[in-house]
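Me: I have a model open on my screen and would like to walk through it with you. Could we take it step by step?

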Amino acid sequence: MAKPKLATTWLTGCSGCHISLVDLDETLLDVVGQVEITACPPLTDVKEAPEVDVALVEGAVATEENEEVLRRLRERAGKLVALGTCACFGGIPGLRNLHPLAQALQRAYVDTESTVHGVLPCSEEIPRLQPFVRPIDEVVKVDGYIPGCPPTPKMLAQALAALLSGQELVWSRRNLCEECPREHRAMKTTDFEFISQNVSSVCELDEIDPKLCFLEQGVPCLGVATREGCEARCLAGNMPCRGCMGPTPDAKEQGAKWVNAVASLLPAGTLSFLDDVMGLGCRFALPASLSPHWVGKEDEK
Ligand code: SF4
Ligand code: SF4
Ligand code: SF4
């Protein structure tokens, strides 16, 4: 029997999701045995995938070329799946949606502190940036999502097994706190000393109790607004969650959900101690959210 055909491609991202694929180690050998890989940027030099049963797409749509590649692949793929948080929600590249494109380019190529005599790149050969970064499902129909920045090899192995056996991809609707092993004691609600010690970085606390919920120690943790499934890997390393699995399916707006949850736990005014609430709450899912990045969109066109 012919093996199912698999293709992968990358749009605007960092290629980390493809590295996670290679990180499957010996499981990759099982996958290679079960499928015919027709195009995969780290493994082949095929620019144009032929018709395939399953296509995995890493990265967000940020350029005209991205959109063209994605639309062509959609036409040739039985199932097209978003691989990683950039493809699912816009990811880190989507943070540029907070600014008009001209400002973002100026900042990146001219105004950065390490740049001397910077100029904006200008060549016919450079793909034109689109005014806003978009998750791939704003451009084409998507048949499944594998969130994570990057998805863990275990998640990828499970997703590939499901895809190759014709099953739907199903992810949990619960948030990360459900799988977090940290202990919850009494959440402080009126301790003003705690408010003034509220910090953004774990480096700012002398001692972090590795067994206690971060929020209870005054450290912002996105677990309350983030989908479970990563096995709480940052928490295991004594780092708070930054939300890379994206929002739970019932909360389109990850940043607002986090603000809502934290605001109901902490005393009034606590959030004003954070410098960058958007960067914290919407770091991974801004383009898929309903948040104010849409302000000024009409001016950009
Ligand atoms: S989801 Fe993360 S690892 Fe994957 S391409 Fe985007 S930034 Fe890179
Ligand atoms: S807020 Fe963070 S540390 Fe606290 S239970 Fe949720 S995931 Fe764990
Ligand atoms: S703990 Fe949070 S930031 Fe870390 S991998 Fe999991 S979802 Fe991503």
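Reply: Happy to! Let's start with a term: two strands pair if DSSP finds at least two bridges between them. Keep in mind that this is a predicted model.

Me: In which sense do strand 1 and strand 2 pair?

Reply: Strand 1 covers residues 5-10, and Ala 7 stands opposite Ala 39 in strand 2. The two strands share 3 bridges, and the sense of their pairing is parallel.

Me: Nice. Which are the edge strands of the sheet?

Reply: The open sheet has 5 strands in the order 2-1-3-5-7, with parallel pairing. An edge strand pairs on one side only, and that picks out strand 2 (36-39) and strand 7 (144-146).

Me: By how much are neighbouring strands turned against each other on average?

Reply: Here the direction of the strands is ignored. For neighbours in this sheet, the average is 25°.

Me: Which helix packs on the sheet and touches strand 7?

Reply: Helix 3 (residues 64-76) packs on the sheet too, but its listed contacts are strand 1, strand 3 and strand 5. Its direction makes about 135° with that of strand 5. The helix with residues 153-164 touches strand 3, strand 5 and strand 7, making about 160° with strand 7; that is helix 6.

Me: Now the ligand: which helices each supply at least two residues of the shell around ligand 1?

Reply: The shell around ligand 1 has 6 nonpolar, 6 polar and 1 charged residues. Of the 13 residues, the closest are Gly 13, Gly 16, Gly 84, Cys 86 and Cys 149. The helices you want span 16-22 and 85-89: helix 1 and helix 4.

Methods
Residues are numbered from 1 along each chain as its sequence is written. Chains are lettered from A and ligands numbered from 1 in the order in which they are written. This is a predicted model: local features need pLDDT of at least 70, side-chain atom pairs count only at pLDDT 80 or more; totals for chains, interfaces and linings use all residues. A residue is near a molecule or strand if its C-beta atom, placed from the backbone, lies within 6 Å of it. Helices (H or I, at least four residues) and strands (E, at least two) are DSSP runs, numbered from the N terminus. Ala, Val, Leu, Ile, Met, Phe, Trp, Tyr, Cys and Pro count as nonpolar, Asp, Glu, Lys and Arg as charged, and the others, Gly among them, as polar. Axes are lines fitted to C-alpha atoms, for helices over the stretch in contact, and angles run from 0 to 180 degrees between N-to-C directions. Two residues are in contact if their C-beta atoms, placed from the backbone, lie within 7 Å.
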